[in-house]
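Please read it alongside the sequence and the coordinates.

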Amino acid sequence: MSAICGIYHYEGKPVTPEIGRAMMREMDIYHADAAGIWQEGHVFLGCHAQHITPESVREILPYHDGLSGLSITADAIIDNRAELCDKLGISNSNRNIMTDSHLILQAYGKWGQDCPKYLVGDFAFVIWDCKRQQMFCVVDPTGARAFYYYLSARHFAFSTLLRPLFVLPEIAREHNETWIADFLAIPSVKHQLDPELTLYKNIYLLPAGYTLTVWPDGVKKQVYWQVERQPELKLKSDGEYEEALREILAEAVRCRLRSIRPVGVMMSGGLDSTSVACLAARELARGGRRLLAFSAVPLSGYRDWLPTDKLADETPYIEAVSEHAGNIDVAYCRFEGKHSLSDTDRLFAILEQPYKILENLFWVDGIMAAAQEQNVGVILNGAAGNATISWGDFSPYLLSLLRAGQWHRLFHESWTIARRYRRPIRAMLKLFWTLLPYNMQKSLYWLENRHWSKNTQDLSPINPDFARRSAVPERFLRFGHDLLYINRLDSFETRQKLLSPAGFSHRGVITTKHALAYRMASRDPTMDKRVIEFCLSLPEDQYVRNGRDRFILRRTMAGILPDKVRLNDTVRGKQSADLAQRLQPFWHELTDEIRNIGRRDAEREYLDVAKVQSELIKFNMLNDDAADDSNLRMLLRSLIFSRFLKYEDSGTRSTTGNAMGNIAASSI
């Protein structure tokens, strides 16, 4: 993978060499296997490359083809290389030496600006078409790679990172308060409602599945791929559906194993990551290679407080997978002494923004560092699996049956689900509650939770005056964000929301920068475009049947996954169960820090300081089960945001290059 940057002056003014070199220097905080620039008058392209695949070692980026007048800089791994070579008529003798960027240029030569429709993989690239005086920019269908841009009446600039853009004198480092309002007001981990917004004014993200074309007389932004309803796949038997899923998922895994260094996987004891791991292990075994698995486990001395259907330490399931596969080496990562507020300044330097995924970011970061110590080049995960291969959420499915008028199946599945979870009357009432009209659900919700205040229910630390000024309620309405999370979406609508550009962009920003920091590609086969389209084509009863969820994946993985994992539908892992216990030794210092929130003008402007301080009183003692308390999360997110404001004001960002010279060393 790579970090790319560039400038295009429409008016023909030459790009000064100093500006181009300064943009490239801002990317020097990360290791580069190769770095290159290309400039022709008013156009500058740069690439800071990290070699992952065998083909990337031979890649020269940026690349200029004098015959066609095309130049390219790319942050790309193309996964459907064989299919593309067939369609482009590339001979067998040239396929192994053809780099991904050359494949992209060949595709552009054949299909023009429709070429992204034929590409599968993780990519962001820019093609300068000299003959047309156009700059063509593309982000992959699921936004796995971040692409920032700035657009004015005189010029266009782009970059994988934010820092290089601030080299341009006209780009001010001024906060976008709409982004901040979204960040603070949304109680979930999502950063923003609009996938194009960033923390800074006038800098935008190109959303997943979009192209952007810039030329002297205009700008055109287009969607080339999005999650849509697919024609229903009609096969003769369950066995044929299983074989079809097994084939497409195995291919999505196989093509992501192209690496000049060892391959790893972030593996829990759940269905998605273990399915990815076992399929990867089978493929690697054919070449005598082993898969390195990295699993987060609770800190030493963890005190279990969870109900019987939740599990903090998934080691028994992970061990079952390792034993079954035979060529998986598991590293258990405890990260003693680390907690959700460890190393925030270093993470700000990596992500270039505040973050809210405090439950697991510290151990994801630690796993990346542990994988780097093992020289891992590709690290797999199954993060999108819940929306694709292992979909099976009961409530949306029942709503789908209701809307389709399938009454017999609706009552059968409702009763079967209720009986399976051993609380038939209560469970039936809860299931049918989800089928009521929204306003009726809302009224019943407030009746059941009448002892909660509105502010407590809000669970966000945003200053009410700032929220009104930023039109937060109107934005929630406009973007269909339900603060109460009352589910009125059927199966397709729910997955469409989970797989929306906003969700993709939020995830892509984090994974892109984390991957660059640790010099490895973070790849999710369950988010493959082909897998998504296939999963959306399956009949609903392939996912839920007779009260069983994740039905097709459980059948598909028979013989590949051990039954201990494959058939487990009674216990779910909870990887943040030790959140409070990790914080307890540091809680006195942290509470002192939280008490000081509000002493600075920016904190008072953005945060509801009175609410933060009021909630803090409830946490004089931090009990183990506070890990499940949303108000604790609100406090921790407030503190992270406060620290980010101090980080920016302190000037730390101006010395980031020195601070990150040994970025991985401080993470474990």
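The numbered points below take up strands, sheets, cores and helices in turn.

1. The structure is a predicted model, and the remarks below should be read accordingly.

2. Neighbours of E3. Strand E1 (residues 2-9) is joined to E3 by 7 bridges, and the two run antiparallel; Ala3 has His48 of E3 as its bridge partner. Strand E2 (residues 34-40) is likewise antiparallel to E3 and joined to it by 7 bridges, with Ile37 partnered by Gly46 of E3. E2 and E3 form a hairpin with 2 residues between them, and Gly41 in that turn has a positive phi of about 65°.

3. The six-stranded sheet. An open sheet is built from 6 strands in the order E4-E5-E6-E7-E11-E12, with antiparallel pairing. Its edges are strand E4 (63-65) and strand E12 (218-223), each of which pairs on one side only. From one strand to the next the twist averages 15°.

4. Helix H4 (residues 100-111) lies across E4, E5, strand E6 (121-129) and strand E7 (134-139). The direction of H4 is at about 120° to E5.

5. The nonpolar cores. Which residues have the most contacts inside the largest nonpolar core? They are Phe294, Ile367, Ile379 and Trp587, in a core of 96 residues. Helix H27 (residues 630-649) supplies the largest share of this core, 10 residues. A second, separate core of 57 residues includes Tyr10, Ile72, Ala124 and Phe158.

6. Surroundings of Trp587. Leaving aside neighbours within four places in sequence, Trp587 is in contact with Ile594, Leu616, Phe619, Asn620, Leu622, Leu632 and Leu636.

7. Phe466: buried or exposed? Phe466, which has its place in helix H16 (residues 464-469), has a relative accessible area of 0% and is therefore buried. Not counting residues up to four places away in sequence, Phe466 touches Glu177, Ile180, Ala181, Glu605 and Tyr606. Phe466 and Arg604 are 138 residues apart in sequence, yet their C-alpha atoms are 9.7 Å apart in space.

8. Packing of H9 and H19. Two packed helices are described by the angle between their axes and the distance between the axes. For helix H9 (residues 344-351) and helix H19 (residues 501-518), the angle is about 105° and the axes are 9 Å apart. At that angle, H9 is roughly perpendicular to H19. H9 contributes Arg346, Leu347, Ile350 and Leu351 to the contact, and H19 contributes Ile510, Lys513, His514, Ala517 and Tyr518.

9. Helix H12. Helix H12 (residues 407-420) has 14 residues, and its span from first C-alpha to last is 20 Å, close to the 20 Å expected at 1.5 Å a residue. Buried residues in H12 are Leu410, Glu413, Ser414, Thr416, Ile417 and Ala418.

Definitions and conventions
Residues numbered from 1 in each chain as written. Predicted model: local features only at pLDDT ≥ 70, side-chain atom pairs only at ≥ 80, totals over all residues. Heavy atoms only, no water. Helix = DSSP H or I, 4+ residues; strand = E, 2+ residues; numbered from the N terminus. Expected span 1.5 Å × (residues − 1). Buried < 20%, exposed > 50% of the residue type's maximum accessible area, 1.4 Å probe, protein only. Pairing = 2+ DSSP bridges. Axes fitted to C-alpha atoms, helices over the stretch in contact; angles between N-to-C directions. Contact = heavy atoms within 4.5 Å. Core = buried A, V, L, I, M, F, W, Y, C linked by side-chain atoms within 4.5 Å. Parallel < 35°, antiparallel > 145°, perpendicular 65-115°, else oblique.
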